[in-house]
Amino acid sequence: MQNTKIIGASDSAFSYMGRIDFSEPDSPLFVYAGSMVSAKFTGTSVGVRLIPRLIYDETQFGVILDGVQYCYQLKRADIPELIYIPVAEGLEDTEHSITVFKRTAGSHCYFNFCGLVLDEGAQLLPDGKEYDLNIEVYGDSVSAGEVVEAVNYTGCSDPQHHSQYDNSWFAYPLSLARKLNARVHDIAQGGIALFDKTGWFNGPDYIGMESVYDKLSYAPPFSPTPWDFSRYTPDIVIIAIGQNDANPDPDCIKRPDYRERWKSAYKKIVLDLQEKYGDKTKFILITTVLMHEKDWDEALDEIRDELADKNVTRYRFTRNGAATPGHPRIPEQEEMACELAAYIRGLYH
C-alpha cells in the first residue's frame with residue numbers, strides 16, 4: 001500500500017443508499033441487502049476497507065467498478081477487525097466509478113464500510129447521480145435476492161446453498177430501481193413472515209416483519225435499534241409479505257379468525273407508514289412469482305378493498321405464485337422488475 005492514501009467513509013464525495021447506521025460516521029454499518037455507497041475516483045488503483053461482522057462462517061460483498069461487477073469473500077472472525085481488499089490495480093489513469101454494496105440480508109452479516117484506498121495523488125469525486133423516485137420494499141428472501149445466481153436451476157427447486165448464490169443487485173427491488181432511475185431501500189429478510197413466531201427467520205423463536213419494519217439493526221445477535229423514518233421518504237412503498245406465513249400452520253389463513261388478525265396487523269403497518277410518509281406516498285401490495293397458496297393473495301385483495309385508499313393498490317404478476325418452486329433466479333427477477341416498472345409508470349400517467 002505504498003504511495004496510496006486512505007479516503008475515510010465520512011468524505012462528502014460518497015453517496016450512500018439504504019438503511020445504514022451512521023452513528024459512527026467513519027465506519028457506517030451496512031445492515032440490509034442492497035445497501036450501497038458510490039463515488040467516482042481518479043488514479044490507477046482502488047481498494048476497500050471493511051470490518052466484517054459475520055453470523056455465518058463466510059459470505060460475500062459486491063463491487064461495481066466501471067460498470068463491471070465483482071464478488072469478494074468475507075470470513076467470520078471471533079473479534080471483528082479492519083481488513084483491506086484490493087479491488088483493482090493498473091487501471092487507466094483517468095476517472096472511474098465504484099459502488100460497494102451488500103449482497104446479502106442482515107441474517108448473514110453486517111459490515112462497517114471504512115472507506116477506500118486510492119493512489120496518493122488521486123481524487124475522490126461525487127458520482128453526480130440524480131434520481132427521479134424513491135422506492136422502499138418490505139419483503140422476504142425473494143426481495144433480498146437469495147439464490148438468484150443459481151441460474152442453472154431456473155424454474156426448479158433450489159440447490160444446496162448457504163449464501164454463495166445470493167446477490168441483491170439482481171433482485172427485483174434493485175433492478176426496478178435501475179429501470180426507474182430511483183433510489184431504493186430494500187427492507188428484506190429471508191424467511192420472514194408478518195407475525196413473530198411464524199415464518200422461517202431466526203428459528204426457533206422466529207421474528208416477523210411486525211418487529212422489523214421500523215428497525216435499523218434487527219438480526220440477532222445484534223441488538224435491535226430503531227430506524228429514523230425522517231431520513232428517507234419514499235414515493236413508492238412495495239410490501240411483499242405473505243409467502244412464509246404458512247409456517248408452522250399451513251391452513252392458518254383459511255381460518256376466519258386468523259385471517260382477520262393477519263389482515264389487521266398488515267393494515268396496521270400500512271397505516272403507520274402512511275402516517276410517517278404522508279399522503280403522496282403510493283403503496284403496492286404484492287406477493288411474487290414464487291409458488292405459494294392463492295389464499296394469501298386473496299387476503300391481500302381484501303386488505304386493498306378494506307383500506308379503500310387510492311394510494312394503496314394491488315399488483316399480481318403474470319405468473320404470480322406459479323412460476324417456480326425455488327427462489328426466482330435472475331431471469332424471473334427481471335420478469336418481476338419489468339412488470340412492476342410498467343405498472344408504476346402507469347400510476348404516474
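This is a predicted model: local features need pLDDT of at least 70, side-chain atom pairs count only at pLDDT 80 or more; totals for chains, interfaces and linings use all residues.
## A covered helix

Helix H2 covers residues 172–180, and most of it is hidden: of its nine residues, seven are buried. Which residues of H2 are the buried ones? They are Tyr172, Pro173, Leu174, Ser175, Leu176, Ala177 and Leu180.

What lies over these buried residues? The cover includes strand S5, strand S13 (133–139), strand S14 and strand S15. Helix H1 (141–144) and helix H5 (330–347) are also among the elements that cover the buried part of H2. Just past the end of H2 comes Asn181, where phi is positive, at about 50 degrees.

## The whole chain

Now let us step back. The protein chain holds five helices and 17 strands. Its C-alpha trace spans about 70 × 45 × 40 Å along the principal axes. How does the radius of gyration fit with a compact globule? For 349 residues, a compact globule would have a value near 20 Å, and the protein chain has 20 Å, so the two agree.

Of the 349 residues in the protein chain, 57% are buried. The contacts tell us about the fold too. Take the contacts between residues at least 6 apart in sequence: 76% of them join residues at least 24 apart.

As for charge, the chain carries 34 positive and 52 negative side chains. The centres of these two sets are 4 Å apart.

## The largest nonpolar core

How many residues make up the largest nonpolar core? It has 45 residues. Those with the most contacts inside this core are Tyr138, Tyr218, Ile239, Trp262, Tyr266, Val270 and Leu273. Several elements each supply at least two residues of the core: strand S14 (182–188), strand S15 (236–240), helix H3 (256–277), strand S16 (282–285) and helix H4 (294–307). Which of them gives the most? That is H3, with eight residues.

Setting aside neighbours within four places in sequence, Tyr266 is in contact with Leu194, Ile239, Ile241, Leu285, Leu300 and Ile303. One of these partners, Ile239, is itself listed among the residues with the most contacts inside the core.

## A serine tucked away in a loop

Next, find Ser35. Its place is in the loop between strand S4 (29–30) and strand S5 (36–43). Is Ser35 buried or exposed? Ser35 has a relative accessibility of 1%, and therefore it counts as buried.

Which residues does Ser35 touch, leaving aside those within four places in sequence? Its contacts are Met17, Gly18, Arg19, Ile20, Phe30, Val100, Phe101 and Lys102.

## The loop between H1 and H2

Two residues are worth a visit in the loop between H1 and H2. His162 lies in this loop. With 38% relative accessibility, His162 counts as partly exposed. Not counting residues up to four places away in sequence, His162 touches Tyr56, Glu58 and His108. His162 and Asp57 are 105 residues apart along the chain, and their C-alpha atoms are separated by 9.8 Å.

The other residue is Val147, which is also placed in the loop between H1 and H2. Val147 has a relative accessible area of 0%, so it is buried. Its phi is positive, near 60 degrees, and Val147 is not a glycine.

Where are its cis peptide bonds found? One runs from Gly203 to Pro204, with omega near 5 degrees, and Pro204 sits in this loop. Another cis peptide bond joins Pro220 and Pro221, with omega about 15 degrees, and Pro221 belongs to the loop as well.

Tyr206 is also in the loop between S14 and S15. What is the phi of Tyr206? The value is positive, near 65 degrees, in a residue other than glycine. Tyr206 counts as partly exposed because its relative accessibility is 23%, and a residue is called buried under 20%.

Definitions and conventions. Residues are numbered from 1 along each chain as its sequence is written. Side-chain values use heavy atoms; hydrogens and water are left out. Helices (H or I, at least four residues) and strands (E, at least two) are DSSP runs, numbered from the N terminus. The radius of gyration is taken over C-alpha atoms; the globule rule is 2.2 Å times the number of residues to the power 0.38. Buried means under 20% relative accessible area, exposed over 50%, partly exposed in between (1.4 Å probe, protein chains only). Contact means heavy atoms within 4.5 Å. Lys and Arg count as positive and Asp and Glu as negative; His and the chain ends are not counted. The place of a charge is taken as NZ of Lys, CZ of Arg, CG of Asp or CD of Glu. A nonpolar core is a set of buried Ala, Val, Leu, Ile, Met, Phe, Trp, Tyr and Cys residues joined through side-chain atoms within 4.5 Å.
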